[in-house]
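Subject: Structure handover

Hello,

My notes on what was found follow below it.

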Amino acid sequence: MSPAEPMRVLIAPDKFKGTLTAAEAADAMAAAVADVFGAGTVVIEQLPIADGGDGTVAVLGGANQTSTVTDPLGRTARALWRLDDRTAIIESAAASGLVLVGGAAENDPWAASTIGTGELI
């Protein structure tokens, strides 16, 4: 890299569960990099990612749909999904994830159900 070329930084975080979405985390990291290195000396690209669990549909951008489904304990929950051309994208964590039952410590697999994921499909 020559002295005239700006430094290039890729910021690709997942969510910080319970605190920041992946996009919010990327924004905060980008602001910190720009603050440390100077906005004119660095080219920052943000690419929020997800591991397939909660937050996956949100990082893909675009027009999402929301459906009311049955959560693991039989209550109602709101779950995101999308249909792009001929590809359906669902977020099973939004319908059947641990966060809906209070986390791993509160999870009772014998009492829980994944019916909400089926409803999304």
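Two strands are taken to pair if DSSP finds at least two bridges between them. On that basis, strand β4, residues 76-84, pairs with strand β5, residues 87-90, in the antiparallel sense, with four bridges. Please keep in mind that this is a predicted model.

Overall layout

The protein has four helices and five strands. Along the sequence they come in the order β-α-β-α-β-β-β-α-α. The radius of gyration is 19 Å, whereas a compact globule of 121 residues would have one near 14 Å. Along the principal axes, the C-alpha atoms fill a box of roughly 60 × 40 × 20 Å. Of the 121 residues, 24% count as buried.

The β4-β5 hairpin

β4 and β5 form a hairpin with two residues between them. In the turn, D85 has a positive phi of about 50°. R86 also lies in the loop between β4 and β5. Is R86 buried or exposed? R86 is exposed, because its relative accessibility is 82% and the cut-off for exposed is over 50%. The C-alpha atom of R86 is 15 Å from that of N64, and the two residues are 22 apart along the chain.

Within the pairing, R82 stands opposite I89 of β5. R82 also forms a salt bridge with D84, with 3.4 Å between the closest N and O atoms. The two partners fall in separate classes of accessibility: R82 is buried at 4%, while D84 is partly exposed at 34%.

The β1-β2 pair

Strand β1 (residues 7-11) and strand β2 (residues 42-46) run in the parallel sense and share five bridges. Between them the chain passes through helix α1, residues 22-37, and this β-α-β crossover is right-handed. One of the bridges in this pair joins R8 to V43 in β2.

L10 is also in β1. With a relative accessible area of 55%, L10 is exposed. L10 belongs to a nonpolar surface patch with L47 and I49, and together these residues have about 270 Å² of accessible area.

Salt bridges

How many salt bridges does a search of the whole structure find? The search finds four. The one between D84 and R82 is described above. Another joins R75 and D71, at 2.8 Å from N to O. D71 is buried, with 3% relative accessibility, and R75 is partly exposed, with 43%.

K15 and D14 also meet through their side chains in a salt bridge, at 3.4 Å from N to O. Both take part in a network of salt bridges that links D14, K15 and D51. K15 has a relative accessible area of 18%, and the cut-off for buried is under 20%, so K15 counts as buried. D14, at 23%, counts as partly exposed.

In brief

The points to look at in the viewer are the antiparallel β4-β5 pair, the right-handed crossover through α1, the salt-bridge network of D14, K15 and D51, and the nonpolar patch of L10, L47 and I49.

Regards

Technical notes:
Residues are numbered from 1 along each chain as its sequence is written. This is a predicted model: local features need pLDDT of at least 70, side-chain atom pairs count only at pLDDT 80 or more; totals for chains, interfaces and linings use all residues. Side-chain values use heavy atoms; hydrogens and water are left out. A crossover is right-handed if, with the strands pointing away from the viewer, the path from the first strand over the helix to the second runs clockwise. Buried means under 20% relative accessible area, exposed over 50%, partly exposed in between (1.4 Å probe, protein chains only). Patches are made of residues with over 30% relative accessible area and no salt bridge: like charges are joined within 9 Å, nonpolar side chains (Val, Leu, Ile, Met, Phe, Trp, Tyr) within 5 Å. Accessible areas come from the Shrake-Rupley method with a 1.4 Å probe; for residues, only the protein chains shown count as cover. The radius of gyration is taken over C-alpha atoms; the globule rule is 2.2 Å times the number of residues to the power 0.38.
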